[in-house]
Amino acid sequence: MVVATPAQNQANQVRVQFGCGIRSDLRAEVARLGARRALVLSTPEQCALALEASEALGPFAAAVYTKATMHTPVEVTLDALEHLRACEADCLVAIGGGSTVGLGKALAYCTDLPQITVPTTYAGSEATPILGQTEDGLKTTLSDPKVLPEVILYDPELVATLPVSMTVTSGLNAMAHAGEALYAANRTSATTQLAIEGLQSLVRGLPDVMAAPHDLVARELTQRGAWACGTVLGQVGMALHHKLCHTLGGSFDLPHADTHAIILPHAIAYNARAAAQELAPITDILGGETAGFALYDFARGLGAPLALRDLGGSAADLERAADLATQKPYPNPQPIARDEIHALLQAAWAGDAPVF
Ligand code: NAD
């Protein structure tokens, strides 16, 4: 008897396709779902892409909504819901990064409509049943199977337009999911394997993409890594790293991918004191003596932002961020000590190497 692992179970529910130009299959994918009227979603910046998708859908396009916003503000979802009802859409096509995917998930949560996602970053949200939403400056998350998209179309041509700076931060954002999956309290051998595969793909693919941003083979490798990292994110509990980024993003409005890129080496170094063995795959893949320093060097080598202060927040926010991130207990390998978290944030603020 073959027993499906949690990783396989979730992966099997979702139709995942990779390939250059695969976005032109959108019409067939909508028909496959038994739907006829797709609402196409994007951010304002990716409006042209949404219109291209709408054209590819032909008579299966019901309308285009281009106001997706980072951290999924509830007021945008309510506005989109009105459009969805007015155009009588029977499915959702989200084409963009995590912000657009987030809007699609929020609409699916309200309506239970099927979703096709066409990711254009490495954030990985398309592979998780998790929805993060922001209301009155507070970000909350929920997990519900109806939020998980039915179809994911990974088209390397779409990430090839991702600016180099965002390629790096978004890739590190994906690696953060896999990094924390390595020590998750509810990890399995299958999730650990998937996390390692995700890290390997991104560590191999990102330098090649940086050298040649239009190298579609390398782009597909990074997308495969993002899918693996996103899938484990949906299957195991995250800890300190995601808690800090969630706090900094939701309460201080710092950009998602940059924040992940900066915090990752620090959070991993903090936890390596209690989970050195679990984190050994990181040094196996990247080299170096400790996982935190290996990630710091990798990020620096790729030209990633290193300092929170460059993202536009204020130093005074660090005290409040440390308070917010340590208010409620959550599972984490290394005990959470408020003063140590403040020291971690200060190092990340200044762009210094990890202090633990
Ligand atoms: P994003 O979707 O906000 O994109 C950032 C900017 O880049 C936008 O202006 C977007 O239009 C543009 N962009 C995206 N792809 C592009 C491309 N290929 N070429 C040119 N421009 C492009 O950023 P993100 O980091 O992908 O997503 C962040 C959001 O995703 C956050 O709200 C975060 O909370 C959420 N997220 C959720 C999960 C989850 O499982 N729920 C996981 C990861 C991220």
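## The nonpolar cores

In this predicted model, the largest nonpolar core has 41 residues. A nonpolar core is a set of buried Ala, Val, Leu, Ile, Met, Phe, Trp, Tyr and Cys residues joined through side-chain atoms within 4.5 Å. Buried means under 20% relative accessible area, exposed means over 50%, and partly exposed lies in between (1.4 Å probe, protein chains only). The residues with the most contacts inside this core are Leu172, Met175, Leu182, Ile268, Leu279, Ile282 and Phe298. At least two of its residues come from each of α7 (164–181), α8 (189–211), α9 (216–235), α11 (256–275) and α13 (291–301). These names follow DSSP runs numbered from the N terminus, with helices (H or I) of at least four residues and strands (E) of at least two. Apart from this core lies another, of 22 residues, including Leu248, Leu254, Ala322 and Tyr330.

Leaving aside neighbours within four places in sequence, Leu182 is in contact (heavy atoms within 4.5 Å) with Arg187, Thr192, Ala195, Ile196, Leu199, Glu278, Leu279, Pro281 and Ile282.

## How to read the model

This is a predicted model, in which local features need pLDDT of at least 70 and side-chain atom pairs count only at pLDDT 80 or more, while totals for chains, interfaces and linings use all residues. Residues are numbered from 1 along each chain as its sequence is written, and side-chain values use heavy atoms, with hydrogens and water left out.

Helix α7 is mostly covered, with 15 of its 18 residues buried. The expected span of a helix is 1.5 Å times one less than its number of residues.

Ser170 sits in α7 and counts as buried, at 1% relative accessibility. Not counting residues up to four places away in sequence, Ser170 touches Thr121, Tyr122, Ala123, Leu162 and Ala257.

## Helix α10

Helix α10 covers residues 240–252, and its 13 residues reach 17 Å from the first C-alpha to the last, close to the expected 18 Å. Because 10 of its 13 residues are buried, α10 is largely enclosed by the rest of the structure. Leu240, His241, His242, Leu244, Cys245, Thr247, Leu248, Gly249, Gly250 and Phe252 are the buried ones.

## A pocket and a cavity

Now for some open space. On a 1 Å grid over the protein atoms alone, a cavity is a set of points where a 1.4 Å probe fits but cannot get out; a pocket is an open set with protein on both sides within 12 Å along at least five of seven lines, and lining residues have an atom within 4 Å of a point. Grid points are joined across faces, edges and corners, and a volume is the space filled by probe spheres set on the points. The second largest pocket has a volume of about 270 Å³. Its lining takes its largest share, five residues, from α10, and β7 (138–143) also supplies at least two. By class, this lining has two nonpolar, seven polar and three charged residues. Here Ala, Val, Leu, Ile, Met, Phe, Trp, Tyr, Cys and Pro count as nonpolar, Asp, Glu, Lys and Arg as charged, and the others, Gly among them, as polar.

There are two cavities of 30 Å³ or more, and the largest cavity holds about 60 Å³ of space. It is lined by Leu248, Phe252, Leu254, Leu308, Gly313, Ser314, Asp317, Leu318 and Trp349. Helices α10 and α14 (317–326) each supply at least two residues of that lining, which divides into six nonpolar, two polar and one charged.

Most residues other than glycine have a negative phi. Glu88, however, has a positive phi near 55 degrees. Glu88 lies in the loop between α4 (74–86) and β4 (91–96) and is exposed, with a relative accessible area of 58%. Asp112 also has a positive phi, about 65 degrees, and is found in the loop between α5 (98–111) and β5 (115–119).

## Ala63 in strand β3

Ala63 lies in strand β3 (residues 61–65). With a relative accessible area of 25%, Ala63 is partly exposed. Setting aside neighbours within four places in sequence, Ala63 is in contact with Ala38, Leu39, Val40 and Cys87. The C-alpha atoms of Ala63 and His83 are separated by 8.2 Å, although the two are 20 residues apart along the chain.
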